[in-house]
Structures are given as C-alpha cells and as structure tokens.
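Visitor: I am new to this structure and would like to learn how to read its features. Could we go through them one at a time?

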Amino acid sequence: EASQGGQEEEVDLEERLHELDLRSDSDIPDVPPPTDSTPEILKRALSGLSARWKNWWIRGILSLAMISGFFLIIYLGSFMLMLLVLSIQVKCYHEIITIGYRVYHSYDLPWFRSLSWYFLLCVNYFFYGETVADYFATFVQRREQLQFLIRYHRFISFALYLTGFCMFVLSLVKKHYRLQFYMFAWTHVTLLITVTQSHLVIQNLFEGMIWFLVPISSVICNDITAYIFGFFFGRTPLIKLSPKKTWEGFIGGFFSTVVFGFIFSYFLAQHQYFVCPVEYNSETNRFVTECEPSELFQMKKYSVPPLLQAVLGWETVDMYPFQMHSFALSTFASLIGPFGGFFASGFKRAFKIKDFADTIPGHGGIMDRFDCQYLMATFVHVYITSFIRGPNPSKLLKQLLILQPEQQLSVYKTLKSHLVEKGILQPSLKG
C-alpha cells in the first residue's frame with residue numbers, strides 16, 4: 001500500500017509538472033519595449049514636428065546614411081561585401097535569439113544562450129568551409145594544414161554539431177522539457193532563416209556582383225517607394241498583419257521597383273567590375289573581377305511588340321539581355337518579397353513587440369531592414385541555378401588541379417578518348 005501511495009504521488013507530481021509545461025501564451029512574459037535610440041541632435045532638430053513627420057525625417061536621414069555606407073563598401077570590393085553579409089547575419093541571429101532569451105529567461109533554462117551561439121558557430125563553420133573548398137581550392141592546395149580541414153570538413157562539422165546536440169540533451173530539465181524543445185526548434189529555425197540565406201547571398205555574389213546588387217537594391221527601392229507612396233497616398237489597408245501597409249504603397253512600390261531595376265541593370269551591365277564572376281587569384285591573394293562578359297551583358301537589338309510600337313514609335317530597341325532578367329528580379333522583390341516583411345510582422349505581433357531591436361533609429365533592428373532580403377536571396381539563387389548558370393570550366397579546372405597526378409592522368413585519358421570518338425581530335429594525335 002505504501003508503494004502504491006508513493007506511485008500515486010509521483011503520478012500526481014508528473015501531472016502537475018505537465019500542466020506547468022503547457023502554460024498558455026498569456027502566461028508567457030512579454031518582451032520589454034525597445035528604448036528610443038534616436039540621437040539627441042536629431043531629437044532637438046525635429047522637436048517641433050508631429051510624431052508622423054518626425055518619424056518620416058528620421059527614417060529618411062538614416063536611410064540615406066545606410067545607402068551611402070553601402071556604396072562605400074561596394075567600392076571597397078567583394079571581400080568587404082562578404083564581411084558585411086556575415087556581420088548582418090550574426091546581428092540578425094542575435095536579435096531573434098535575444099527575443100527568445102528575454103521571453104523565457106524567467107524559466108532559468110540552462111545553457112540556452114550558450115548552445116544557441118555554439119550552433120551558430122557550427123553551422124557557419126560548415127557553410128563557409130564549403131565555400132572555401134569550392135572557391136579557394138588552389139589556395140588550400142598550397143597549405144597542408146588546410147588540406148586536412150577541407151578533406152574531413154563535413155565529418156568535423158558533423159562532430160561539432162553532435163557535441164552541441166549531446167550538450168542539449170544533457171541540459172534537459174524535467175519540469176521544462178517541452179519549453180526546452182521549443183527553444184531548440186527556435187534556434188534551428190533562426191539558423192535556417194539567417195545562416196542558410198546569408199550563405200546563398202554570398203553564392204550569388206560569386207556569380208557576379210550584379211546578381212548581388214540588383215536584387216538587394218530592388219528590395220531597398222521597393223521598401224522606400226512603398227513607404228513614400230503609402231505615406232502620401234495610402235488609404236486602403238493591405239494586410240492586417242501590417243496595418244500601415246496600403247494597396248497604394250504596394251502598387252506604387254511595384255512600378256517604381258520595376259523601372260528602377262531596369263535602369264540600374266543598364267548601368268551595371270556596362271562594367272566588368274559588376275558583371276564578371278568573383279574569383280580568387282591565389283598568386284596575388286586578391287579577389288578579381290576580370291573576364292570577357294557573357295552574352296547576358298552584351299548589347300543586343302530587340303523587336304518591339306506591335307502593340308507598343310504604336311505607343312513608343314520604335315520598331316527596335318537596344319538593351320542588355322540581363323535587363324530582361326531584371327524584370328523577374330524586380331517583380332519578385334515587389335510582389336513576393338514583402339511577404340518576408342509580413343512574416344516578420346506576424347512574428348513580432350506574436351511576442352507583442354514593435355521591432356526586433358532598436359539598433360537603427362526610426363527603423364528598428366537590423367532584422368527589421370533585412371526581413372525581405374533573405375527571401376530574395378533564396379529566389380535569386382534558385383533563379384540562377386535554374387535559368388542562368390551553365391557548366392563552369394574554371395571551377396571544374398580548379399577541382400581537377402587538386403587531384404592526385406594519377407587521377408589527373410586518368411581524367412585526361414578519358415577526356416581524350418571521348419573527344420576522339422566525337423571526331424574533335426584525331427586518333428593519331430599525341431600529347
């Protein structure tokens with residue numbers, strides 16, 4: 001009887017702990033509102049304006065400052081752009097993880113913050129290691145210590161992740177099982193949103209800076225013009241998740257972005273610096289952007305559709321083929337890209353916060369500015385692999401050069417035999 005009574009008490013305790021673990025969202029503490037980080041000089045200069053116009057000027061001034069800084073980094077080159085992407089990724093991850101930490105810190109969950117940053121380190125090690133192996137093969141070949149890391153890169157990455165996984169299991173606390181698994185999922189979804197997408201951004205950059213600049217600039221243009229049209233002409237609400245978004249802003253942003261993308265692409269397509277793939281030169285230890293531009297960036301003559309001939313008065317028009325692709329990029333940036341912002345708005349509403357952080361006055365956190373960019377990065381990568389990218393002889397040659405001599409000789413014999421069979425080489429040819 002005593003043992004049965006002990007078992008009943010244990011069952012009751014389990015049920016009570018289970019009830020605590022199933023607390024509703026109303027029992028979860030809210031995230032404290034962000035503080036106003038607007039510089040005092042701006043506050044004093046705009047003190048006489050209404051809150052609406054004060055926000056307008058703060059957003060405008062900071063937007064111009066960020067755009068100017070972005071152009072400066074473009075001028076500094078591809079490597080600085082990669083560092084910028086990495087910095088933005090880390091900051092966005094920090095903002096999202098911090099929300100989870102602030103909401104659930106009262107539960108005193110062990111190792112949550114430490115494990116979150118550990119997993120970020122593991123995932124970045126995997127993705128950037130893949131990039132190094134892919135684009136810096138010649139550089140790696142010259143350094144024996146790196147050859148080991150690259151050869152066993154995926155095994156090392158998996159071992160690092162398993163270490164974090166085991167640490168998470170060891171950190172489980174009986175009364176907080178479900179909540180800890182919530183936060184485990186939170187961390188991994190955040191990694192998917194930030195690290196994976198930033199990796200795709202860098203992959204796009206290696207295809208040519210134009211594939212990096214046009215999509216990002218299109219999203220920025222759509223964000224700015226939609227805000228301007230909505231501010232001055234907005235009357236019809238667009239979506240409940242974002243009450244300030246209007247149909248007028250959405251439509252005005254769409255047409256403005258398409259026109260901007262077409263014109264911006266025209267200017268970028270004229271310069272090798274923007275259109276050539278970014279490659280690492282192991283002799284100079286620098287990134288180079290020199291090449292013979294592909295057909296996408298060579299001026300061609302197109303026939304104007306009969307319906308437009310009557311309006312424009314032109315039968316033909318000269319343009320770069322890439323400008324046609326800019327329509328697809330701009331259309332996605334203005335029609336589908338905003339859904340990344342709507343998703344972020346829903347996320348913030350779920351935790352009753354206005355912004356992810358207060359990093360940028362008038363704008364919120366870094367994630368508030370880049371919520372649409374991550375969705376755009378995935379689309380551009382899929383678009384390039386589906387419609388643009390073909391076999392890359394330069395990339396294939398780099399991979400061949402890191403093979404063993406006997407493996408290179410085997411590839412040579414196989415390729416020679418194939419070319420002879422196709423009649424491209426004469427059977428008697430030696431070499």
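Visitor: Leaving aside its neighbours within four places in sequence, which residues is Phe212 in contact with?

Guide: In this predicted model, Phe212 is in contact with Phe70, Leu81, Val85, Val201 and Leu205, once the neighbours within four places in sequence are set aside.

Visitor: Which residues touch the most other members of the largest nonpolar core?

Guide: That core has 41 residues, and the ones that touch the most other members are Leu81, Ile210, Trp211, Phe212, Leu213 and Phe297. Helices H3, H4 and H9 are among the elements that give two or more residues to this core, while H10 gives the most, with eight residues. A second, separate core of 31 residues includes Leu62, Leu109, Phe351 and Phe356.

Visitor: How is a pair of aromatic rings described?

Guide: Such a pair is described by the distance of the centres and the angle of the planes. Here the count comes to 31 aromatic pairs. In one of them, the rings of Tyr93 and Trp117 have centres 5.5 Å apart and planes at 75°, so the pair is edge-to-face. Tyr93 belongs to helix H4 and Trp117 to helix H5, 24 residues apart.

Visitor: Is Tyr93 buried or exposed?

Guide: Tyr93 counts as buried because its relative accessibility is 0%, whereas Trp117, at 30%, counts as partly exposed.

Visitor: What kind of aromatic pair do Phe119 and Tyr161 form?

Guide: Their pair is tilted, with 5.3 Å centre to centre and 45° between the planes. Phe119 lies in helix H5 and Tyr161 in helix H8, so the pair ties together parts that are 42 residues apart in sequence. Ring pairs also link Phe119 and Tyr161 into a cluster with Tyr118, Phe165, Phe168, Phe181 and Phe184.

Key. Residues numbered from 1 in each chain as written. Predicted model: local features only at pLDDT ≥ 70, side-chain atom pairs only at ≥ 80, totals over all residues. Heavy atoms only, no water. Core = buried A, V, L, I, M, F, W, Y, C linked by side-chain atoms within 4.5 Å. Buried < 20%, exposed > 50% of the residue type's maximum accessible area, 1.4 Å probe, protein only. Helix = DSSP H or I, 4+ residues; strand = E, 2+ residues; numbered from the N terminus. Contact = heavy atoms within 4.5 Å. Phe/Tyr/Trp six-rings, centres within 6.5 Å; stacked < 30°, edge-to-face > 60°.
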